[in-house]
Amino acid sequence: MNLVWQNAWLAPALALIAVPVLVHLFARAKPPAYQFSSNEFIRRANKKTLRLKKPQDLILLLIRTLLFAALILLFLQPMLFSRFFSDGGDSRHVVLLVDASASMAYAEGGRTRFSAATAQASEVLGGLEAGDTANVIFLTRSPEGALPELSPNLGFLRERLRSAQLKPQSMSAAPALSAALAQLEAAPGTREVWVLSDFQATAWRDQKLEVPPDVRLVQVRIGQEEASNVGVLNLKTDPPVAFAGDEVTVSAEVANFSPEPRRVTAYLEAGESRASQPLNLEPWSRGVASFPARALPGEWEITVRVDEDALTGDNQRGVVLPVRDALRVGIVAEPEGAATAEIWARALRALGRSDVRRLEPDALGSQDDLDVLFLAGWRGDEAATRRLRELRERGLSIVWMPSPDGDAAALFEAEASGAPRRERLREPMRLRLDTNEDPVFALFADGQYGDPTRGEFSSRLKLTEGWVPARSTPLLAYADGQPALARLPNPAGAGAPGTLMLWNLDLDPAVSNWAGQPEFLFVLGELLESLAQQAVAEVIGPQPGDSLFWQPRTQVVPSEVSLQGPDGAAVELLEGGTGSGLLQSLPVAKTGVYEWQLRGESAKRQAVNFPAAESDLRTLTPTAAEGGDGVIVDGSVAIREFSEGTDLWPYLLLLGVALVIIEGGFLWWARRF
């Protein structure tokens with residue numbers, strides 16, 4: 001603690017504290033006159049005139065000395081500062097890091113934690129004086145400074161705090177702290193970083209606040225109560241690919257982040273479907289509410305919510321699921337693969353839910369609405385191969401049966417050492433299953449649907465080294481290990497849309513009997529469903545602070561595309577997108593459904609949801625700064641008293657009044673007894 005005297009020039013008056021003692025010791029009082037006839041009266045008179053009588057006189061001396069000291073100190077106007085601050089005359093340079101993440105929306109005491117944080121940050125600014133500078137940086141996914149650098153314009157910063165809006169997103173403290181230290185680096189005088197946050201455990205567990213030794217760090221905990229919350233954390237559909245009229249199970253994960261058991265009701269809204277389901281959740285547990293619903297054609301918006309509580313942002317979660325009447329499948333056949341293409345077409349029509357189109361090789365440029373493309377005996381030239389790669393990057397899944405007459409390795413950027421060749425086998429050869437983990441063969445795991453490898457081949461393509469990249473996933477192989485069916489890596493990276501399957505299985509009845517086995521139809525159906533998930537299923541996951549992406553199947557002019565937020569406001573797009581026709585928005589700020597529009601017509605909708613990691617409101621105790629001088633302040637402590645100091649003169653005045661009352665009471669008691 002630092003004690004500062006506002007009227008320090010009166011300090012010599014402290015010597016006057018000794019006056020009551022001196023007066024009490026050296027003042028001579030005239031003893032009373034007595035008429036006496038014996039020594040007894042002399043002894044009584046002497047006792048009455050002694051300057052110090054124990055214990056009454058010592059107590060009275062102490063009271064009067066304290067009273068005199070309180071009166072003198074009152075005029076000196078002392079002020080008590082934390083040990084962290086002093087008025088040493090140096091200017092103060094302060095950067096306030098205010099947590100604006102989703103958990104700060106929790107309401108307590110009639111206002112949100114974010115409102116409390118901005119109010120206390122304003123108190124800190126109110127304690128600065130002329131010559132001091134400051135800035136405010138909001139803790140979000142990326143730091144957002146009120147000003148680009150430190151400024152003496154404290155009025156603007158306080159107004160910025162009053163108008164600040166919380167963003168329902170996660171936060172990262174490291175970039176904001178780096179920006180704060182960069183602004184303070186050249187500032188003379190006292191340099192301070194204030195962090196005002198609820199220190200939500202999930203967000204802060206791995207955050208480190210490291211500051212230089214000459215930077216003072218204050219961590220202010222916001223929030224006065226143990227927060228409880230119930231939220232919808234996850235939402236998914238089964239199956240993930242739906243066709244109009246399908247029965248779909250919607251599953252919502254609901255969590256109880258509180259020490260008390262909770263009874264929660266989850267409500268489903270899916271088009272015209274409405275349903276509710278009660279859940280009994282134990283403390284700090286999760287449950288799943290499952291609802292049956294019938295898929296509607298188009299982009300099907302599904303929402304699950306629970307009753308509102310003090311943190312409203314996570315009480316609802318939604319998803320937009322594209323629903324098709326049928327999967328659009330194209331088949332291109334070269335002479336080498338004519339028989340295989342015919343069997344593909346018949347089998348796909350038998351499976352149903354497929355709009356099968358037989359296409360000419362030169363018609364690929366106009367087929368931008370396909371979901372899956374089958375290429376039988378493909379020998380496309382360089383221009384056609386380039387076009388296929390573009391379609392794949394836009395989300396088209398391709399099943400490719402190569403031709404011995406073509407060099408299509410560029411389709412998947414392989415480094416083949418030569419073209420494949422047709423090979424007649426001496427004896428018919430069976431297949432083997434190279435993996436049970438791929439979803440194509442999950443159906444056959446228990447043997448109920450037969451053996452997918454049953455069938456024999458007397459002819460195949462002999463693939464040379466490099467035709468199947470090392471990062472491929474082999475599904476089926478011939479008995480001697482030669483690849484038969486493989487999932488090839490995507491040049492755009494793992495998880496990118498557009499799957500490429502290598503099909504080295506000639507279905508011509510003259511060389512194979514595999515297409516005649518019942519299992520063949522199941523394998524083809526599971527393969528088509530696996531590819532459809534890539535082509536149709538909505539990716540669930542955008543959160544506030546993320547950019548939204550849309551890959552149109554056709555070439556579009558960026559000026560014809562717009563993105564509207566949940567409130568109808570336009571969202572700015574990144575100029576030029578990311579290449580390959582992929583459109584990207586700037587980071588979005590709100591939860592809700594966003595709509596991509598092409599020439600004013602709705603083209604795609606995406607749901608943006610509350611970050612699930614922010615739902616658990618348990619907090620961490622702020623840790624001491626690493627490398628610098630730091631202090632931790634509870635949010636209930638008055639920031640003004642902490643930073644500006646506490647005036648002690650009102651307390652001295654009260655002490656003086658109390659001492660006068662005590663002295664009067666003591667004298668009354670001493671005279672009476």
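Q: What should I know about the model before starting?
A: It's predicted, so local features need pLDDT of at least 70 and side-chain atom pairs count only at pLDDT 80 or more, while totals for chains, interfaces and linings use all residues. Residues are numbered from 1 along each chain as its sequence is written, and side-chain values use heavy atoms, leaving out hydrogens and water.

Q: How many aromatic pairs does a search of the whole structure find?
A: Rings of Phe, Tyr and Trp (its six-membered ring) pair if their centres lie within 6.5 Å; planes under 30 degrees apart are stacked, over 60 edge-to-face, and the rest tilted. Here the search turns up 11. Take Phe457 and Tyr478: their ring centres are 5.6 Å apart with planes at 85 degrees, so they're edge-to-face.

Q: Are Phe457 and Tyr478 buried or exposed?
A: Buried means under 20% relative accessible area, exposed over 50%, and partly exposed in between (1.4 Å probe, protein chains only). Phe457 is buried at 0%, and Tyr478 is buried at 0% too.

Q: How are the planes of Trp503 and Trp514 set?
A: Their planes sit at 45 degrees and the ring centres are 6.1 Å apart, so that pair is tilted. Trp503 is buried, at 1% relative accessibility, and Trp514 is buried at 0%.

Q: Which residues form one aromatic cluster?
A: Trp344, Phe374, Phe457, Tyr478, Trp503, Trp514 and Phe520 do.

Q: What about Val657: how accessible is it?
A: Val657 has 46% relative accessibility, so it counts as partly exposed.
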